[in-house]
Amino acid sequence: MSETTAEPNPSAEPPTSDDGWLVPTPVAAGIAAAAILGTFWFAFRDFFDLQVHYATKEAADWGHT
């Protein structure tokens with residue numbers, strides 16, 4: 001059996017940000033931001049609803065909301 005080793009290609013250059021590698025488009029960034037905010041809202045919506053309720057309906061105890 002003969003062993004072959006792959007030699008590095010000297011003409012291959014690592015990707016840079018100039019060619020758009022791992023640089024999200026504004027639409028992709030907006031979708032990601034909306035997904036994160038939607039997940040945050042879904043996880044904490046009951047907490048926020050209760051805080052709004054306590055702050056508006058039971059204003060005497062506003063400091064604990």
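Reader: Where do F44 and F48 lie, and how many residues apart are they?
Author: This is a predicted model. In it, F44 and F48 both sit in helix α1. They are 4 residues apart, about one turn of the helix.

Reader: How do I describe a pair of aromatic rings?
Author: Use the distance of the centres and the angle of the planes.

Reader: OK, how many aromatic pairs are in the whole structure?
Author: A search finds 4. Take the rings of F44 and F48: their centres are 6.5 Å apart and their planes are at 55 degrees, so this pair is tilted.

Reader: Which residues form the aromatic cluster?
Author: F40, F44, F47 and F48 form one cluster. These four also make a nonpolar surface patch of about 390 Å².

Reader: Where is F40?
Author: F40 is in helix α1, which covers residues 26-57.

Reader: What about F44 and F48?
Author: F44 is partly exposed, with a relative accessible area of 39%. F48 is partly exposed too, at 35%.

Reader: New topic. What lies over the face of W41?
Author: R45 does. The distance from the ring centre is 5.7 Å.

Reader: Zooming out, how many helices and strands are in the chain?
Author: There are 1 helix and 0 strands.

Reader: And what share of the residues is buried?
Author: Buried residues make up 0% of the 65 in the chain.

Notes:
Residues numbered from 1 in each chain as written. Predicted model: local features only at pLDDT ≥ 70, side-chain atom pairs only at ≥ 80, totals over all residues. Heavy atoms only, no water. Patch = residues over 30% accessible without salt bridge, like charges linked within 9 Å, V, L, I, M, F, W, Y side chains within 5 Å. Areas by Shrake-Rupley, 256 points an atom, 1.4 Å probe, with all protein chains shown as cover. Salt bridge = Lys/Arg side-chain N within 4 Å of Asp/Glu carboxyl O. Helix = DSSP H or I, 4+ residues; strand = E, 2+ residues; numbered from the N terminus. Phe/Tyr/Trp six-rings, centres within 6.5 Å; stacked < 30°, edge-to-face > 60°. Buried < 20%, exposed > 50% of the residue type's maximum accessible area, 1.4 Å probe, protein only. Lys NZ or Arg CZ within 6 Å of the ring centre and 35° of its normal.
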